Amino acid sequence: ELLSAITDRYGGTVLIVAARKGHTELCVTLLSSLPQADRLKLILVNKRTALHSAATLGDTETVSGILNCLDADQQLQLLFTQDNDGNTALHYGAWQGHTEIVKTLLGNLTSYQRLKLLFTQDKGGDGDTALHKAAQWGHTEIVKTLLDNLTPEQQLKLLSLKNKEGMTAAGHYTNSDTMRTLEHYQKEADYGVNYRMFCNIYLEF
């Protein structure tokens, strides 16, 4: 309770401040000093959590440190936690162009959990997914990371998902390299889906 009660003038807990400053060992020490059941409670005191802050800064060590202090269920709840703007830590990692952060956040998820997180849209903003964020700011490697390991059907669904403005990821202003990458995945996914349909029809005869 004391760790939750001590805040800076912006309402940030000691844990938040430590994450913003990149003090990984302090974050881990603070969380480890608490019983397992109370660790997530401290993190969630602030809607924009320490994980959001570390992901924004591209601090992979702190992101990993925080996640490793939690059990699997707590990790999952934290990964899906949205701040006041509706952004998850994945949104911020993609937005800021931190490829290793994105890989770390997606790393331990099952296929279903990964897919669910990829389709999470920021509720308080434009309704963007992490793919929208990465495309908008021209982070080509992150676009690839988000789309890789998905089936063609899943890729097409994510690529066609529109935000509140009616825009897909490709509809955002992007640099030419990112646009070419999105078009490549769209083309390959289209081919994959059509090829599967052809095979299914062929096997029926």
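Buried means under 20% relative accessible area, exposed over 50%, and partly exposed in between (1.4 Å probe, protein chains only). The model is predicted, so local features need pLDDT of at least 70 and side-chain atom pairs count only at pLDDT 80 or more, while totals for chains, interfaces and linings use all residues. Residues are numbered from 1 along each chain as its sequence is written, and side-chain values use heavy atoms, with hydrogens and water left out.

Stay on C69. Which cysteine sulfur is closest to its own? That of C27, 8.8 Å away, too far for a bond. A disulfide is a pair of cysteine sulfur atoms within 2.5 Å. By this rule the count is zero disulfides. C27 is accordingly in none. Click C27: its relative accessibility is 1%, so C27 counts as buried.

Next, select residues 60–68, helix α6, and residues 99–107, helix α9. Helices here are DSSP runs (H or I, at least four residues), numbered from the N terminus. The two pack at about 15°, with axes 9 Å apart. Therefore α6 is roughly parallel to α9, a term for angles under 35 degrees. Axes are lines fitted to C-alpha atoms over the stretch in contact, and angles run from 0 to 180 degrees between N-to-C directions.

Now show the side chains. From α6, T60, V63, S64 and L67 meet E100, I101, T104 and L105 of α9. Contact means heavy atoms within 4.5 Å. By class, this contact has four nonpolar, three polar and one charged residues.

Technical notes:
Parallel < 35°, antiparallel > 145°, perpendicular 65-115°, else oblique. Nonpolar A, V, L, I, M, F, W, Y, C, P; charged D, E, K, R; others polar.
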